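Reader: Got a model open here and I'd like to go through it. Can we start with the strands?

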Amino acid sequence: MEAKTHQIDKIVYSLWTKPSGNILKNAVNWHSPKAQLACLALSVLTSKAFFSEIELVTDSEGWEVIKQLNLPFTSVKTILDDIPESQYDFWALGKIHAYKAQDKPFVHLDNDAILWKGLPKWALDAPIFVQNTEDKNWFKSAYASEIEHATSILSYFPKNWNKTKEAYCTGIFGGTDLDFIQRYCKEALKFINDKRNADAWKTIENKGSYCIIFEQYILACLIQYYKKDTVFFDKYLNKKRLRNLGYTHIWGAKNDKNIEAILLKRLKQEDPKTLERVLKLFKQKADIKAA
């Protein structure tokens, strides 16, 4: 009997530089830009062993930097140049455009996540694949007030808005159901771009706080409305189980003062040449600081 070929054999990374400006000087939600680039390099190098296609979705400025690292991308798209300046505060918007650009089964991995063992076999044909359901207390503290505020000032909302009481973390996201993923991307972008919401968005100063809404809450709304089969890495975020599966998501530790040294040390173990390239971007040499 011929062995089954799994559908998901492509991994996608995205890097949108506009929210931070110069990615060698600033990194949104990271302790340092050096830590961000070291983690991205480490993640991509690890993924090489498990995926035949590795794509980077970025903008021209991002590619000018990343190409100097000589990472094993099989394709690069600079489509994030097309996002208008008025939306630069929506720092997660580049991910939506990266999802939307896919025409075959894929998983997208955040820059602060690493798949040490690739995807488990049970995930390789998932219609929709996400990391986990957000904790109920976290949903109440991080999502509920933004949803309530949006409901009071915006005019266009996707299906199941304010009925769904969950959100799905997309540290890793993708699947084989491309029709649904395209529908989700369309709705997330419409939430931001619809003319009926334009004036209200102008009144919101901290637009970045709505990234989890259009990316993770709207995803849950649509999955539940259309009753889509969804596979979770671990639905209730059992971190021990995730570690056993070979999945690391740094999350809030991105801002820890020690994270840069930890990532540089691991990158040195895995690929000293790539470490040299990372440090060269910052005019440094691979010395004792990364040992």
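Author: His 108 stands opposite Phe 173 in β7. This is a predicted model, where local features need pLDDT of at least 70 and side-chain atom pairs count only at pLDDT 80 or more, while totals for chains, interfaces and linings use all residues. Residues are numbered from 1 along each chain as its sequence is written, and side-chain values use heavy atoms, with hydrogens and water left out.

Reader: In what sense do β4 and β7 pair, parallel or antiparallel?

Author: β4 and β7 (residues 168-175) pair in the antiparallel sense, over 4 bridges. Two strands pair if DSSP finds at least two bridges between them. Strands (E, at least two residues) and helices (H or I, at least four) are DSSP runs, numbered from the N terminus.

Reader: And β1 with β4, which sense is that?

Author: Parallel, over 2 bridges, with β1 covering residues 10-15. Ile 11 has Val 107 as its bridge partner in β4.

Reader: Which way do the β4 side chains point?

Author: In β4 (residues 106-109), Phe 106 and His 108 point one way, and Val 107 and Leu 109 the other way. All of them are buried, where buried means under 20% relative accessible area, exposed over 50% and partly exposed in between (1.4 Å probe, protein chains only).

Reader: Switching to rings. How many aromatic pairs?

Author: The count is 20 aromatic pairs. Rings of Phe, Tyr and Trp (its six-membered ring) pair if their centres lie within 6.5 Å; planes under 30 degrees apart are stacked, over 60 edge-to-face and the rest tilted. Tyr 99 and Phe 173 form a tilted pair, 4.7 Å centre to centre with 50° between the planes.

Reader: Where do those two sit in the chain?

Author: Tyr 99 is in helix α3 (residues 93-100) and Phe 173 in strand β7, 74 residues apart, so the pair links distant parts of the chain. Both are buried.

Reader: Why is the pair of Phe 139 and Tyr 143 called stacked?

Author: Their ring centres are 5.2 Å apart and their planes are at 10°, so the pair counts as stacked. Phe 139 and Tyr 143 are 4 residues apart in helix α4 (residues 136-153), about one helical turn.

Reader: Last one. How many disulfides?

Author: 0 disulfides, a disulfide being a pair of cysteine sulfur atoms within 2.5 Å. For Cys 185, the nearest cysteine sulfur is that of Cys 211, 14 Å away.
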